[in-house]
Amino acid sequence: MKTQKDVISSLEGRLELRCEEKEGKSFLEHQYFSVPYHISKTYWNESVLLVQVTNPTAGIFAGDRMTSSVMVGESASLLLTSPSAQRVYSMHKGDASQHIKYTVKKGGWLEVFPELFVPQKKSRYRQECEVEIEAGGEVYFAEIIAPGRLTHGENMQFEQLDWNFKISYGGDLLSLERCYLNPLENPWMLKVPNWEQTYYFSIWVLSDKLSEIKEQFYQKLDQLGGKELYLGFSSYDHRAIMIKGMSLCILRLRKVMLEIRQLFSGLLHNLSVTVRKL
């Protein structure tokens, strides 16, 4: 049972965005948000509509329950990013959770390219993310997870990170993933021998255009891995590619993520847009 203090200190936030296209220009036909969500002023760069999702409370606290729904209509193009890392703060008790759903209609384009997700010491967080794409829709979805606040000596000191992800295309379920991390129960996860810390990233790319990819493209993708960064990828039915990587160094990881994005931009031209920051 929540005490008065818990009710005051925890938030139930909601974010709703619906991006549509009219006369060749994408715009937010509907927007609603409540704390801890906030969005920036939109920016149309003649190719995609850029929206930055921010957190005015500086992070996620115990008891926070967050729900977001983002829909991209036919022929609309939306880039969602964030200006700073998303932090989940230390929790004396309880946990926090977030449910996210992205829907992309036929001919729509959605890119999600957030900043680092940082679970702090003694934090407990659960996330459920669903991505549904109609046949003919396109998605570039990325996420980055840090092992903690390394500058404060926190390396894998969170208590629980329950990461759930579901993605479907044209009504077909492509992947259903769950990553449950509890350093006390499974300290070996996200650790690599001889590495002091490990950063993780995941990228999903979905488009009918992926059928045009030649073997040389995969060779270039494979060559991005190497020292201080392990990289793996799989192709699903020539319309989806999943890329996952682990790195000792956040700078190395960011560099490779941008190189991957640049590599795909030759095929998916909306990726040639710079992820503009405020």
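1. Leaving aside neighbours within four places in sequence, Ser34 is in contact (heavy atoms within 4.5 Å) with Glu12, Gly13 and Arg14. Ser34 sits in the loop between β2 (25-33) and β3 (38-39), where strands (E, at least two residues) and helices (H or I, at least four) are DSSP runs numbered from the N terminus. With a relative accessible area of 19%, Ser34 is buried; the terms used here are buried for under 20% relative accessible area, exposed for over 50%, and partly exposed in between, with a 1.4 Å probe and protein chains only. The loop between β2 and β3 also holds Pro36, and the peptide bond from Val35 to Pro36 is cis, with omega near 20 degrees.

2. A word on the basis of these values. The model is predicted, so that local features need pLDDT of at least 70 and side-chain atom pairs count only at pLDDT 80 or more, whereas totals for chains, interfaces and linings use all residues. Residues are numbered from 1 along each chain as its sequence is written, and side-chain values use heavy atoms, with hydrogens and water left out.

3. The largest pocket has a volume of about 590 Å³. On a 1 Å grid over the protein atoms alone, a pocket is an open set of points where a 1.4 Å probe fits, with protein on both sides within 12 Å along at least five of seven lines, unlike a cavity, from which the probe cannot get out; lining residues have an atom within 4 Å of a point. Grid points are joined across faces, edges and corners, and the volume is the space filled by probe spheres set on the points.

4. The lining of this pocket comprises 35 residues, and those that lie nearest its centre are Val53, Ser82, Gln86, Gln98 and Pro114. Two or more lining residues come from each of β5 (49-54), β6 (65-72), β7 (77-81), β8 (86-88), β9 (96-104), β10 (109-113), β12 (124-133) and β13 (138-145), with β13 giving the largest share, four residues. By type, the lining divides into 22 nonpolar, 10 polar and three charged residues, where Ala, Val, Leu, Ile, Met, Phe, Trp, Tyr, Cys and Pro count as nonpolar, Asp, Glu, Lys and Arg as charged, and the others, Gly among them, as polar.

5. The largest nonpolar core has 46 residues, of which Leu78, Tyr102 and Leu206 touch the most other members; such a core is a set of buried Ala, Val, Leu, Ile, Met, Phe, Trp, Tyr and Cys residues joined through side-chain atoms within 4.5 Å. Strand β14 (residues 160-169) gives the most to this core, with five residues. A second, separate core of 35 residues includes Val48, Leu79, Ile243 and Val256. Beyond residues up to four places away in sequence, Tyr102 touches Val70, Leu80, Leu110, Val112, Cys129, Glu130, Val131, Glu132 and Phe141.

6. Trp109 belongs to strand β10 and, at 2% relative accessibility, counts as buried. Its contacts, apart from neighbours within four places in sequence, are Val48, Val72, Ala76, Ser77, Leu78, Val104, Glu138, Tyr140, Leu268, Asn270 and Leu271.

7. In helix α2 (residues 215-223), Phe217, Tyr218 and Leu221 are buried. Seen down the axis of α2, these buried residues fall within an arc of 95 degrees, so they line one face of the helix; the arc is that of the directions from the helix axis to the C-beta atoms. Glu215, Gln216 and Gln223, on the other side of α2, are exposed. The cover over the buried residues of α2 includes β17 (229-236), β18 (240-247) and α3 (250-265).

8. The loop between α2 and β17 holds Leu224, which is buried with a relative accessible area of 16%. Not counting residues up to four places away in sequence, Leu224 touches Leu229, Arg252, Val256, Glu259 and Ile260. The C-alpha atoms of Leu224 and Val256 are separated by 6.6 Å, although the two are 32 residues apart along the chain.

9. Two backbone points remain for checking. Glu228, in the loop between α2 and β17, has a positive phi of about 65 degrees although it is not a glycine, and at 32% relative accessibility Glu228 counts as partly exposed. Met156, in the loop between β13 and β14, is not a glycine but has a positive phi of about 55 degrees, and Met156 is buried, with a relative accessible area of 7%.
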